[in-house]
Amino acid sequence: MMTNKEKALSGGVLLKDIKRRVKDAVDGSSGDVKLVLFSGHDTTLAAILTCLGVYDFKQTPYATVLMVELWEREGGEHEVTFLRHHKDQELITYTLPGCNDTGCTLDQFYAVNNELDMTEEEYRDACRIGLPDLVPTIAKNTMFLLLCVTILLCLSSVSMLLFYTYRVKQKAGIYPGTESEQVRALLQEDY
């Protein structure tokens with residue numbers, strides 16, 4: 001079972017966007033927009049259905065369509081319905097928590113798991129929480145400079161170690177042309 005924070009992080013931004021678009025359509029601030037299409041994956045559908053409180057924990061088939069419909073009823077009342085369709089299945093009408101079988105009034109729809117609504121900024125901030133804040137006040141350029149200096153120090157340490165090893169071996173006469181007098185004398189003796 002997912003926590004509310006996990007649900008919000010998986011689909012809260014999309015849920016808030018859908019609610020905003022419904023509100024804009026009702027207020028008339030969306031202009032002449034009659035249809036909005038999103039494209040996603042089965043995990044996207046699972047995330048939004050989880051946020052809406054209707055996910056059945058079964059993988060949605062490929063090419064599944066989730067429809068959010070906004071209806072204006074007689075008397076000017078609006079209703080929001082959620083439907084899912086796949087070519088090999090019957091149309092599924094979801095009953096959201098707190099709503100009736102025919103759909104949600106606007107107030108019911110806006111109240112559905114509103115604690116999971118999340119703006120993109122809130123999402124970014126929530127994802128930063130829990131991560132180690134290594135050096136929060138240092139700019140990217142300074143971090144890059146520190147990284148370069150660290151790499152240079154490591155490379156110079158390795159090169160100094162290699163040079164020291166070469167010099168020790170050279171003094172011991174291990175490399176050709178650098179034999180000590182003792183090694184040359186040993187090589188010239190006949191056994």
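Student: What is the volume of the largest cavity?

Tutor: Rolling a probe the size of a water molecule over the atoms shows where empty space is left. This is a predicted model, and its largest cavity has a volume of about 30 Å³.

Student: How many cavities of 30 Å³ or more are there?

Tutor: The count comes to one.

Student: Which residues line the largest cavity?

Tutor: The lining includes Val 80, Thr 81 and Phe 82, and also Thr 93, Tyr 94, Thr 95 and Leu 96. Cys 99, Asn 100, Gly 103 and Cys 104 complete the list. As for elements, β2 and β3 (92-94) each supply at least two lining residues. The largest share comes from β2, with three residues.

Student: How does the lining of the largest cavity divide by class?

Tutor: Six of its residues are nonpolar and five are polar, while none is charged.

Student: Why is the disulfide of Cys 99 and Cys 104 called right-handed?

Tutor: Look at the torsion about the S-S bond: here it is about 100°, so the disulfide is right-handed.

Student: Is Cys 99 buried or exposed?

Tutor: The cut-off for buried is under 20% relative accessible area. Cys 99 has 15%, so this residue is buried. Cys 104 is also counted as buried, at 2%.

Student: How do Cys 51 and Cys 154 count, buried or partly exposed?

Tutor: Cys 51 has 0% relative accessibility and counts as buried. Cys 154, at 46%, counts as partly exposed.

Student: Now the packed parts. Which residues have the most contacts inside the largest nonpolar core?

Tutor: In soluble globular proteins, nonpolar side chains tend to be buried together. In this model the largest nonpolar core has 23 residues, and those with the most contacts inside it are Leu 52, Phe 82, Leu 96 and Phe 109. At least two core residues come from each of α1 (4-27), α2 (42-52), β2 (78-85) and α3 (106-111). The element that gives the most is α2, with five residues.

Student: Which residues does Leu 96 touch, leaving out those up to four places away in sequence?

Tutor: Leu 96 touches Leu 52, Val 54 and Phe 82, together with Cys 104, Phe 109 and Val 112.

How values were computed:
Residues are numbered from 1 along each chain as its sequence is written. This is a predicted model: local features need pLDDT of at least 70, side-chain atom pairs count only at pLDDT 80 or more; totals for chains, interfaces and linings use all residues. Side-chain values use heavy atoms; hydrogens and water are left out. A nonpolar core is a set of buried Ala, Val, Leu, Ile, Met, Phe, Trp, Tyr and Cys residues joined through side-chain atoms within 4.5 Å. Buried means under 20% relative accessible area, exposed over 50%, partly exposed in between (1.4 Å probe, protein chains only). Helices (H or I, at least four residues) and strands (E, at least two) are DSSP runs, numbered from the N terminus. Contact means heavy atoms within 4.5 Å. On a 1 Å grid over the protein atoms alone, a cavity is a set of points where a 1.4 Å probe fits but cannot get out, and a pocket is an open set with protein on both sides within 12 Å along at least five of seven lines; lining residues have an atom within 4 Å of a point. Grid points are joined across faces, edges and corners, and a volume is the space filled by probe spheres set on the points. Ala, Val, Leu, Ile, Met, Phe, Trp, Tyr, Cys and Pro count as nonpolar, Asp, Glu, Lys and Arg as charged, and the others, Gly among them, as polar. A disulfide is a pair of cysteine sulfur atoms within 2.5 Å.
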